[in-house]
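Have the coordinates open while you read.

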Amino acid sequence: MIGCRKLIATLAFPLFLSGCITGAEYSSKEAGFTPVANKIATVTAKQTVWIQNQNQARAVAAEVRSLLDRKKSLDVETAVQIALLNNKGLQAAYADLGDSAADAWQSTMFINPTVSIGTTGMGTPELGAFKTVEGMITTNILALATRNRDIAIADTRFRQAQLTAAVRTLQVAADTRRAWIGAVATWENVGQLQRAQATADAASDLAEKLGETGAMTKGAQAREHGFVAELAGETAKARLAARLAKEELTRLMGLWGSDLDYQVPNSLPSLPKSVVRRDTIEAEALRNRIDLQVAKLELEATAKSYGLTEATHYVTDLEILTGFETEREIEDDERTTRTTGQVELEFAIPIFDTGKARMRKAELAYMRAANQLAEKAVNVRSEARSAYEAYRSNYDIARHYRNNVVPLRTKVEEESLLTYNGMITNTFELLTDTRDKINSILLSVNAKRDFWLAEANLAPAIYGGGATNAPAETEVAAASGSSAGGH
């Protein structure tokens, strides 16, 4: 027993030297999530939750149902809030955060020592033979020497996981906002095409009647009937695009079953009276982009790992073995017992592998992380400039269509109708002017959609979350919009 006490004291000595670092910060079930939720609330003014039991799941489901029932037509802010509460991909991202917290918690724990006990002997005590009892406890003193550094690296990875979870959350919010804009814009185009269809049907009927009187040739009649048929095809394509756009929004909000009966508005909001000036958007992005902070932490973790590699440059496997050996001999009915302590040190001699290859890999890993951070900083500045340029230019384009193109086309149609009534303009010219007005209205709707998409991309450009380029195409065939009752 005295030998065992000495053994325990010997083993405990290096543990005290390594300091007392606990994992209380990482052991909570929601470890690290509160800073993520606070960051999201600051950027989006929305709430996000980490669901970890059935009670929380039921509460979130009830909240989602309440949000859907509260709005006859789902607005963009409500859609984003539902997505942050109900998107299952976010819950998987938060589970990754918990996994990183568990890794950091594990790094604060001491490595369990290995105990081995054995006996050797010959014969039996009655015959005067001897028996030896040997015991050994093994622990890795290199792990003890580098424990604080290991914990620092794990903590850096944990903070990196927090920021990654925040980026993922912002990405879901931005994707949902863009999906809502796309869904509403496509239904608005459907509405415009339906109104154009009514006008085209009336023109086709007029052409048929004029043909019966001989006032319009069969070729001109066929031209108008062809326009009606083409418009019907475009309307069908627009309805399909609208349904698919709404399905994308549904996926991001995580809805299914009875929750699928929600409706979106029939048209996008009107253009604002003016745009927001963002003269310092580059500085804002460099200061706030979360993915840039993730890259900085990657460089920090790599640097700490580089220091760890340097510490194990020459000693790659170092263990201390402490134990005891007890010998008991029986001779001439006399028992003799002797206990001796043992300390052994095992390590690899760097004759062949001097660690230079590992040092080189560590240096390259550090340089890779440093260059990736520099590239990220350049890209962040460019993305911020691009986002504001798209926002500003799309506003001017949308205003141009609203204030100039559509009013001019409307004026041309009105004048054609007046001259037609006065028998100055022929029917073909009137119908051509009507078609041009329809196309201008659809282009105006698409221009308004592009502006709101560009506006939605400003926040991701500043804070992160996967900003994408607003669609540049404004072709009528790619459009779709809303009908009168909502969708």
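The largest nonpolar core has 84 residues, and those touching the most other members are Val36, Ile82, Trp180, Leu249, Met253, Tyr262 and Phe451. A nonpolar core here is a set of buried Ala, Val, Leu, Ile, Met, Phe, Trp, Tyr and Cys residues joined through side-chain atoms within 4.5 Å. Buried means under 20% relative accessible area, exposed means over 50%, and partly exposed is in between (1.4 Å probe, protein chains only). H8 is the top contributor to this core, with 20 residues. Apart from it lies another core, of five residues, including Ala295, Leu299, Ala369 and Leu373. As background, nonpolar side chains tend to be buried together in soluble globular proteins.

Two notes on the ground rules. This is a predicted model, in which local features need pLDDT of at least 70 and side-chain atom pairs count only at pLDDT 80 or more, while totals for chains, interfaces and linings use all residues. Residues are numbered from 1 along each chain as its sequence is written, and side-chain values use heavy atoms, with hydrogens and water left out.

Back to Ile82: which residues does Ile82 contact, leaving aside neighbours within four places in sequence? Val64, Leu67, Leu68, Leu74, Asn87, Met253 and Leu255 are the ones (contact means heavy atoms within 4.5 Å).

Zooming out, the protein has 14 helices and four strands. Those are DSSP runs numbered from the N terminus, with helices (H or I) of at least four residues and strands (E) of at least two. Of its 487 residues, 42% count as buried. Take the contacts between residues at least 6 apart in sequence, and 80% of them join residues at least 24 apart.

The largest pocket has a volume of about 510 Å³. On a 1 Å grid over the protein atoms alone, a pocket is an open set of points where a 1.4 Å probe fits, with protein on both sides within 12 Å along at least five of seven lines; lining residues have an atom within 4 Å of a point. The volume is the space filled by probe spheres set on the points, and grid points are joined across faces, edges and corners. Of the 26 lining residues, Arg177, Glu455, Ala456, Ala459 and Pro460 are the closest to the centre of the pocket. Helices H3 (33–44), H5 (76–86), H8 (147–213), H13 (427–456) and H14 (458–463) are the elements that give two or more residues each to the lining. H8 gives the most here, with six. By type, the lining splits into 18 nonpolar, two polar and six charged residues.

Gly464 sits in the segment after H14. Gly464 is buried, at 3% relative accessible area, and touches Leu170, Arg289, Asp291 and Ala459, not counting residues up to four places away in sequence.

Helix H10 (residues 281–288) has Ile281, Glu284, Ala285 and Asn288 as its buried residues. They lie on the same side of H10, because they cover an arc of only 100° around the axis. That arc is taken over the directions from the helix axis to the C-beta atoms.

A few C-alpha pairs link residues separated in sequence:

| Pair | Separation along the chain | C-alpha distance |
|---|---|---|
| Gly464 and Gln171 | 293 residues | 7.3 Å |
| Ala370 and Lys296 | 74 residues | 8.4 Å |
| Pro407 and Ser440 | 33 residues | 9.4 Å |

Pro407 lies in helix H12 (residues 356–421) and is partly exposed at 37% relative accessibility. Ala370 is also found in H12, partly exposed at 25%.

Last stop: Ala45, in the loop between H3 and helix H4 (54–70). Ala45 has a positive phi of about 60° although it is not a glycine, and is exposed, with a relative accessible area of 63%.

Note on methods: Ala, Val, Leu, Ile, Met, Phe, Trp, Tyr, Cys and Pro count as nonpolar, Asp, Glu, Lys and Arg as charged, and the others, Gly among them, as polar.
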